[in-house]
Amino acid sequence: MTAPRIRPPGAVWAPAARDVALHLPAADDGGAESVPLTRGDDGWWSADRDLPHGTDYAFVLDGGDPRPDPRSPWQPAGVHGPSRVFDASRHAWSDAGWGGRDVRGAVVYELHVGTYTPEGTLDAAAARLDHLAALGVEVVELLPVAPFNGVHGWGYDGVGLYGVHEPYGGPAALQRFVDAAHAAGLAVCLDVVHNHLGPSGNYLGEFGPYFTEAHHTPWGAAINLDGDGAEQVRRWIVDSALRWLRDFHVDALRLDAVHALVDDSPRHVLAQLADEVAALSAEVGRPLSLIAEVDLNDPVSVTPTAEGGWGMTAQWADDVHHALHALLTGERHGYYVDFGAPETLRKALRDVFVHDGGYSTFRGRDWGRPVPPEVDGHRFVVFGSDHDQVGNRALGDRPTAALDDGALAASAALVLLSPYTPMLFMGEEWGARTPWMYVTDHPEPELAQAVREGRAREFGGHGWAAMYGEDEATFRVPDPQDPATHAASRLDWDEPGLPGHVRMLDWYRRLVALRREVPDLASGDRAGTDLTWAPDAEPVDGAWADWLVLHRGEARVVVNLADAERVIPLATTRTDLTVRAAWTTARVLPAGPDGAPPSAVLGARSVAVLA
């Protein structure tokens with residue numbers, strides 16, 4: 001294993017450059033200074049010059065314009081400005097007693113800093129951590145915080161793997177957030193993007209072969225992981241990950257779209273990352289987790305590196321979302337085309353992937369590989385909604401726009417009490433009605449217009465207007481550049497105190513508590529999981545409208561989506577099942593003297609947990 005080499009501020013890898021200078025911008029007491037750098041045999045340039053915390057600097061390659069550091073820890077003047085030295089050791093940590101938290105089986109909460117609070121900062125988000133602790137959340141997952149151009153955005157067009165967006169508070173604010181989270185008993189997962197960089201402020205190609213035309217991704221040329229110079233590009237990725245886990249005390253990383261990390265080398269970069277993170281975990285004495293978002297439906301991601309896999313701790317499982325969403329809403333457009341039947345939901349809840357080698361209509365080809373039965377369900381992260389499944393809808397509408405409270409309560413129970421690692425999307429826990437739309441803030445007029453037109457084109461002519469009950473000719477997608485789009489996407493923190501929302505929040509808290517109280521409901525045992533349903537029922541407008549029962553060992557999650565009371569068989573011989581939680585009315589009918597098994601009676605549009 002190659003140990004990471006810690007480079008001092010002011011060193012840079014630029015293997016093809018003929019001349020590199022360290023540019024120190026003008027200070028109050030003098031003009032700018034240019035310090036020639038000396039080239040090493042490995043393509044790294046450095047100078048015998050100490051740069052203390054807070055020093056602004058940039059690099060000049062072959063007499064060109066000053067450029068920020070590819071490993072810049074701090075961009076206070078934005079992505080085009082100089083870098084600033086950040087000494088991470090200056091923070092006085094108060095989490096010495098924090099033992100860490102493995103993400104497997106934890107309740108994860110996805111949070112976007114810019115819209116979680118009115119202030120849109122890490123410090124403001126930290127002030128809301130008590131809400132998450134009271135909910136029972138165990139891991140807070142922050143959407144990307146890397147610097148990007150402008151103020152508002154999702155963060156997936158960042159241009160620096162080592163920095164923190166200045167409007168969020170910069171790197172010191174992230175340290176404060178992590179420290180506060182640990183004090184509240186919460187682990188922190190950071191969403192990081194290694195597969196591409198944003199369109200504005202990306203100067204990597206000027207420094208070296210960070211990209212390759214040998215592979216392409218939806219964002220263009222791929223990150224160079226297997227060509228000339230790839231060793232240093234891989235170190236650029238891996239060292240950034242180790243830095244968050246070591247210097248910022250982050251507990252986990254969520255790796256965005258790793259299927260776009262095209263790597264034909266003998267050892268995949270993710271396997272390299274997994275092994276080095278495992279070594280760091282042993283060094284610091286706490287669990288460190290890696291969660292992959294991958295669109296391959298392939299268990300290679302969670303297969304140990306010693307067995308030829310990528311060694312991820314867990315991976316997202318979108319098929320569970322699709323199966324549940326399509327069943328509850330009746331939507332069948334796009335990638336929902338193969339989903340919606342209770343049989344499909346059963347497969348997702350037992351086998352993880354619906355497409356595990358069979359034909360995918362959306363992709364027009366066979367897709368995926370089966371998950372071996374011995375793989376624990378906690379290796380897969382599932383959700384009823386997330387930033388993609390809300391924000392990538394034409395209007396950014398949440399499930400609350402289409403589902404009544406009974407269906408929302410059922411969705412929560414089926415996710416939180418599934419055999420997987422459950423994740424909530426911010427505001428979901430109280431049934432937030434605010435949309436969460438795609439937002440950008442590109443200062444460049446040409447780029448701003450391209451984003452507007454691209455977004456409108458993406459949703460034009462694909463049936464979205466009809467789905468929303470709008471006229472195709474007048475339907476308009478919200479402008480991502482409009483400040484009002486961002487403002488409308490902020491959570492409304494008055495909602496949790498309103499009557500209907502209070503009830504939903506209490507329901508989520510109860511479901512999370514049941515994971516601690518009933519071992520079967522927290523288990524990752526897929527073999528002990530099953531789903532039964534009303535055998536002769538038919539969907540209404542594509543949505544399931546009768547009963548379902550999720551079997552979790554000896555426990556039962558009973559759902560009635562009908563508009564009338566139902567007597568629902570429980571398929572168990574247990575005589576001591578009791579109602580541990582119910583959305584409306586529920587009672588258990590014991591086994592009858594004629595040998596009839598126990599059943600449950602549920603009111604209309606309700607869900608109950610029996611254990």
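Student: Strands count as paired here if DSSP finds at least two bridges between them. Which residue stands opposite Thr 212 in strand 12?

Tutor: Ala 222 stands opposite Thr 212. Helices (H or I, at least four residues) and strands (E, at least two) are DSSP runs, numbered from the N terminus. This is a predicted model, in which local features need pLDDT of at least 70 and side-chain atom pairs count only at pLDDT 80 or more, while totals for chains, interfaces and linings use all residues. Residues are numbered from 1 along each chain as its sequence is written, and side-chain values use heavy atoms, with hydrogens and water left out.

Student: How many bridges join strand 11 to strand 12?

Tutor: Four, between residues 211-217 and residues 220-223, and the two strands run antiparallel. They form a hairpin with two residues between them.

Student: Now the active site. Which residues does UniProt list?

Tutor: The "active site" annotation, from an unreviewed UniProt entry, covers Asp 256 and Glu 293. UniProt positions are given in the numbering used here, feature names are shortened, and annotations may be inferred rather than shown by experiment. The two residues are spread over 38 residues of sequence but cluster in space, with a largest C-alpha distance of 5.3 Å.

Student: Why does Asp 256 count as buried?

Tutor: Because its relative accessibility is 8%. Buried means under 20% relative accessible area, exposed over 50%, and partly exposed in between (1.4 Å probe, protein chains only). Glu 293 also counts as buried, at 11%.

Student: Where do they lie, and what is Asp 256 in contact with?

Tutor: Asp 256 is in the loop between strand 13 and helix 7 (269-284). Glu 293 is in the loop between strand 14 (289-292) and strand 15 (314-316). Contact means heavy atoms within 4.5 Å. Leaving aside neighbours within four places in sequence, Asp 256 is in contact with Tyr 156, Asp 191, Val 192, Val 193, Asn 195 and Glu 293. With residues up to four places away not counted, Glu 293 touches, among others, Arg 254, Asp 256, His 259, Trp 316 and Asp 388.

Student: What about Arg 243: buried or exposed?

Tutor: Buried, and without a salt bridge. A salt bridge is a side-chain nitrogen of Lys or Arg within 4 Å of a carboxyl oxygen of Asp or Glu. The nearest side chain of opposite charge, Asp 247, is 4.6 Å away. Lys and Arg count as positive and Asp and Glu as negative, while His and the chain ends are not counted. Arg 243 lies in helix 6 (residues 230-247). Beyond four places in sequence, Arg 243 is in contact with Pro 73, Phe 86, Tyr 162 and Phe 248.

Student: And phi of His 249, positive or negative?

Tutor: Positive, near 60 degrees, in a residue other than glycine. His 249 is in the loop between helix 6 and strand 13 (252-255), and counts as buried because its relative accessibility is 19%.

Student: Last topic. Which residues touch the most other members of the largest nonpolar core?

Tutor: Leu 142, Leu 253 and Trp 507, in a core of 165 residues. A nonpolar core is a set of buried Ala, Val, Leu, Ile, Met, Phe, Trp, Tyr and Cys residues joined through side-chain atoms within 4.5 Å. Apart from it lies another core, of 14 residues, including Trp 98 and Met 423.
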